[in-house]
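I opened the model to go through its sheet, its metal site and its core. My notes follow in the order of looking.

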Amino acid sequence: MAELRDLYQEVVIDHGRRPRNAGPLAPASHRAEGFNPLCGDRLTLYLRVVDGVIEAASFEGGGCAISTASASLMTEALKGRTVEQAEAMSGGFQALVTGHDPGPVRLGKLEVLAGVREFPARVKCATLAWHTQRAALHNDAEAARTEEGR
Ligand code: ZN
């Protein structure tokens, strides 16, 4: 158990120090800004959604290691997912880090952040990227829907 915890910590530290998908995305179809006043984490999330599938995701911003690692892991996890899958992952992730059952959603590597449930003050750091993702998808919901012809 201790070894597993160390491994999880390594992944979080690695993504916190060397975030993947950092920087703006062009072209991006969706964008939102997130702010966690409890910690001071700020990020701008970019998504490129084509025919209901997230083709690319990236983020810019600054924050603590947890928020940066979470955004990095999330942008990796979102690539190739449908918007519906992304929303299900978001709900599952929220459950995971608050100590609830994430249900049938496969979270894969995102599970390394499960440890924050023991640190309630850090939960918002871990969920900031996901709140921002929901805002990004929601902001442009009308346009995306129109383009998809739904
Ligand atoms: Zn933070």
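How many bridges join strand 1 to strand 2? I counted 7 bridges between strand 1 and strand 2 (residues 41-50), and the two run antiparallel. Helices (H or I, at least four residues) and strands (E, at least two) are DSSP runs, numbered from the N terminus. Two strands pair if DSSP finds at least two bridges between them.

Before going on I noted the ground rules. This is a predicted model, in which local features need pLDDT of at least 70 and side-chain atom pairs count only at pLDDT 80 or more, while totals for chains, interfaces and linings use all residues. Residues are numbered from 1 along each chain as its sequence is written, and side-chain values use heavy atoms, with hydrogens and water left out.

Entry: I found an open sheet of 3 strands in the order 1-2-3, paired antiparallel. Strand 1 (30-36) and strand 3 (53-62) are at the edges with a single partner strand each, so one side of each has no neighbour in the sheet. The twist averages 20° from one strand to the next; axes here are lines fitted to C-alpha atoms, for helices over the stretch in contact, with angles from 0 to 180 degrees between N-to-C directions.

I then followed Arg42 across the sheet. Phe35 stands opposite Arg42 in strand 2, and Arg42 in turn stands opposite Gly62 in strand 3. Strand 2 and strand 3 are antiparallel and joined by 9 bridges. They form a hairpin with 2 residues between them, and Asp51 in the turn has a positive phi of about 50°.

Entry: helix 4. I see helix 4 (residues 120-139) lying across strand 1 and strand 2, at about 150° to strand 1.

Entry: zinc. Which protein atoms are the donors of the zinc ion? I listed Cys39 (SG), Asp41 (OD), Asp41 (OD), Cys64 (SG) and Cys125 (SG), at 2.2 to 2.7 Å from the ion. Donors are N, O and S atoms within 2.8 Å of the metal (3.2 Å for Na, K and Ca), and sites may look incomplete because water is not among the atoms. Along the chain the donors follow the spacing C-x1-D-x22-C-x60-C. Cys39 lies in the loop between strand 1 and strand 2 and Cys125 in helix 4, so this pair ties together parts 86 residues apart in sequence.

I checked burial next (buried is under 20% relative accessible area, exposed over 50%, partly exposed in between, with a 1.4 Å probe and protein chains only). Cys39 is partly exposed at 36%, Cys64 is buried at 15%, and Cys125 is buried at 1%. My search of the whole structure for disulfides (cysteine sulfur pairs within 2.5 Å) gave 0.

Entry: core. The largest nonpolar core has 38 residues, and Leu47, Ile66, Phe93, Leu110 and Leu113 have the most contacts inside it. Such a core is a set of buried Ala, Val, Leu, Ile, Met, Phe, Trp, Tyr and Cys residues joined through side-chain atoms within 4.5 Å. Helix 4 gives the most to this core, with 8 residues.

Entry: Ser72. I placed Ser72 in helix 2 (residues 65-78), buried at 0% relative accessibility. Beyond four places in sequence, Ser72 touches (heavy atoms within 4.5 Å) His15, Pro19, Arg20, Asn21 and Phe59.
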